[in-house]
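Please open the model in a viewer and keep the selection tool at hand.

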Amino acid sequence: MHFAPLDPDFSLSPYTGLTRKHWIEAGKYILEGVFRNVRTMDSPVLVPRYETEVTYPNSHTPSWKVQAEYYEGLARSFFIAAPLIHDNPCLVIAGKDMRSYYRNHILRSCTPGDEQYVLSYSDMDKDALPSFGLHTYQQTVETCAIVIGLMTAKEEIWDTYSDEEKDRIAFFIKDYAEGTTATQNWRLFNMLDLAFLSAMGYEIDRSVMREHAQAILSYYAGDGWYRDGHSFDYYSAWAFQVYAPIWCRWYGYDNEPYLAAEFEKNSNELMKTYSRFFDENGHVTMWGRSSIYRNAATAPLSANFYLRNPSMDPGLARRIASGALMQFFGRDDIMYEGAPVLGFYGPFTPMVQGYSCAESPLWLGKAFLCLELAEDHPFWTAKEENGIWEEMEDGETMETVLDGPGLCTANHHDNGTMELRTGKVLKRADDSNGRWCYAKLSYNSRYPWESDLPSGLSASAYVVRENDISRTEQINSILWSGMRNDVLYRRAFFGFDSSGDMHWTSAIDLADFPVKRGLVRADKLRLFHKPADVYLGSYGFPCPDAEYRIETEGDAKAVIIKGRGSDGRMRHMAMTLYSGWDDIFVEKSSGTNPDTAESYIIFAHAERKRVFSYDPYILISQVITKEGEEGFDRSEIFSIQEITYCDKEKCGGYGPVVIKMNTGKTYTVDFNGIEGSLML
């Protein structure tokens with residue numbers, strides 16, 4: 001059963017009806033589901049599993065990581081429980097006193113000999129090869145959640161421990177805080193561990209703290225985004241832009257003022273545009289790894305208010321946070337036996353990574369850190385606002401281009417969607433999950449990415465088939481060139497391997513621009529091997545009983561598809577092909593879409609037969625979407641009025657291509673100069 005807020009307040013919150021009391025209700029709703037699986041006050045926070053091959057623990061899991069599952073359940077549920085305990089120390093969930101439960105289990109997790117002892121860093125690393133200090137462990141992640149909860153519920157839990165118990169916990173935390181960590185967002189876990197210890201009066205190694213903090217700052221790429229490893233994704237939000245503001249408040253402002261000022265500046269820079277990464281309903285887009293964390297993506301909005309000089313609009317922040325909360329918990333399929341499933345909506349194994357366990361989705365509890373803000377804080381008292389969605393006019397699309405992380409958002413007024421185009425992407429050719437999470441041509445807030453079909457084709461992606469050598473290649477790397485004259489330029493590589501020369505790698509130069517309900521693509525093939533068949537997929541259409549038809553206008557051909565989605569609303573999608581393509585068709589798929597069990601994808605197809613032959617290079621297409629009973633106007637389906645080429649063959653091998661829309665607006669697609677401006 002989904003979460004249904006009682007007595008919504010549409011005066012204070014005209015978009016969602018949710019107030020602080022509803023967030024407390026939602027937190028209790030989640031904890032009730034989780035704790036109905038916790039048999040007794042002595043039992044760990046473990047939830048039923050339905051997936052045992054990808055996630056841990058499984059047959060490949062080392063013994064230390066079995067204990068890590070206990071810690072994940074405890075720590076991540078504590079994100080939600082801690083502010084609720086602080087609000088109501090007598091809180092009882094599923095017949096269990098929450099204050100006593102977490103007080104006892106946090107202590108047990110740090111106590112050698114206890115069956116729920118999760119092992120210290122030193123215990124695990126003392127016999128590790130090749131030598132001490134070169135290994136990282138999942139428990140490092142969870143210590144951070146524990147200290148955040150302990151700080152939130154300091155009076156209710158931490159202050160109730162004896163001095164010996166405090167020392168036991170502090171010794172355990174310090175062991176991880178000063179141990180080896182992954183040199184990306186994980187450094188923040190160590191920083192908050194150390195900051196907590198310092199705040200509680202324990203001596204820490206300030207050199208270790210400073211090393212981690214300077215490294216985190218060095219990952220900053222601009223526009224409010226940090227690079228995590230070599231990726232940009234929501235970790236920049238739910239890790240860097242949540243933990244850094246907390247660190248500033250706990251430690252940085254008083255002890256490292258320069259670093260704290262930089263972290264504050266970067267948070268405020270993110271706030272300038274981060275609201276545009278959510279659609280008109282405040283919905284999160286399925287993009288990047290760990291999408292099982294769902295609405296944790298909203299956590300930086302409230303974390304900005306931990307800073308001394310926050311810049312986020314509180315009414316907009318709460319509107320997005322509440323919209324994203326209901327995006328997931330307003331559905332019936334998000335829970336399995338009371339706990340959030342391993343998926344985006346319902347269970348969806350293709351998006352799950354091996355570092356997760358059944359309790360991992362509780363990381364979404366970071367969104368509930370907004371409850372640390374007092375009842376009279378503007379985050380709770382300001383009237384909900386909807387930012388640019390209140391400002392745009394009919395037919396308008398607002399684009400935001402961020403060269404730092406290589407990201408471009410398009411917020412469409414007429415269908416309320418957000419489309420995200422990414423650059424600076426590099427994944428292994430054999431990493432299908434990485435391709436789906438990062439290397440789709442675009443991501444849509446209403447149409448989540450779809451895994452590959454059994455045929456090898458893929459939604460929102462190009463696929464190249466070289467049948468003479470029995471090879472199928474997909475895009476695994478996208479380089480960023482930026483926007484010029486309202487056209488976004490990128491380059492995508494098929495099966496890129498850095499050990500080989502680029503001239504033996506097929507590529508496609510990407511150029512795209514928005515129309516009022518979607519995007520137009522005018523991409524240029526750079527195939528080194530032919531014969532080849534090129535395919536382009538639309539977004540997956542999550543409507544099991546969809547109907548479609550084909551329409552033509554001049555040389556253009558379109559498939560228009562409609563059907564009712566999981567929410568019962570009518571959906572419409574149209575894919576239109578202009579020059580460069582041979583045909584268009586539709587495939588139905590099962591088990592590849594995270595929203596519905598069955599889905600449809602529209603595909604464009606082009607055949608190129610000879611290696612050295614001056615054939616059409618420019619592939620022009622359009623995908624638009626709409627919700628509601630009324631379908632598209634014909635002018636929307638066939639939005640291009642005229643295409644002009646420089647070459648007499650009209651192949652687009654050289655020179656600009658001018659695309660005149662039926663609105664009168666003209667776009668000039670010119671790949672000249674892209675070679676010298678590509679960025680990763």
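The stops below each give a selection and a description of what is found there.

This is a predicted model, in which local features need pLDDT of at least 70 and side-chain atom pairs count only at pLDDT 80 or more, while totals for chains, interfaces and linings use all residues. Residues are numbered from 1 along each chain as its sequence is written, and side-chain values use heavy atoms, with hydrogens and water left out.

**Helix pairs**

Select residues 138–152, helix α5, together with residues 163–177, helix α6. Helices are DSSP runs of H or I with at least four residues, strands are runs of E with at least two, and both are numbered from the N terminus. The axes of α5 and α6 lie 10 Å apart, and the two helices pack at an angle of about 135°. Axes here are lines fitted to C-alpha atoms, for helices over the stretch in contact, and angles run from 0 to 180 degrees between N-to-C directions. The angle makes α5 oblique to α6; angles under 35 degrees count as roughly parallel, over 145 as roughly antiparallel, 65 to 115 as roughly perpendicular and the rest as oblique. The crossing of α5 and α6 is left-handed, a term for a near helix turned anticlockwise from the far one by less than a right angle.

Next, select residues 235–255 (α9) and 257–271 (α10). These helices pack at about 150°, with axes 8 Å apart, and α9 and α10 are therefore roughly antiparallel to each other. Their crossing is also described as left-handed.

**A three-stranded sheet**

Move to the open sheet with the order β24-β25-β26, whose pairing is antiparallel. Two strands pair if DSSP finds at least two bridges between them. At the edges are β24 (640–644) and β26 (666–669), each of which pairs on one side only. From one strand to the next, the twist averages 15°. Now select β25, residues 657–661, which pairs with β26 over four bridges. Within this region, V657 stands opposite V669 in β26.

**Pockets**

On a 1 Å grid over the protein atoms alone, a pocket is an open set of points with protein on both sides within 12 Å along at least five of seven lines, a cavity is a set where a 1.4 Å probe fits but cannot get out, and lining residues have an atom within 4 Å of a point. Grid points are joined across faces, edges and corners, and a volume is the space filled by probe spheres set on the points.

The largest pocket has a volume of about 570 Å³. Select N281, H283, M326, Q327 and D567, the closest to its centre of the 22 lining residues. Helix α12 (residues 314–329) gives the most to this lining, with four residues. By class, the lining of the largest pocket has four nonpolar, nine polar and nine charged residues. Ala, Val, Leu, Ile, Met, Phe, Trp, Tyr, Cys and Pro count as nonpolar, Asp, Glu, Lys and Arg as charged, and the others, Gly among them, as polar.

The second largest pocket has a volume of about 410 Å³. Of its 19 lining residues, G395, P514, V515, K516 and T663 are the closest to the centre.

**Cavities**

Seven cavities of 30 Å³ or more are found in the whole structure. Which residues are closest to the centre of the largest cavity? Select S442, S460, R521, G537 and V623, from a lining of 14 residues.
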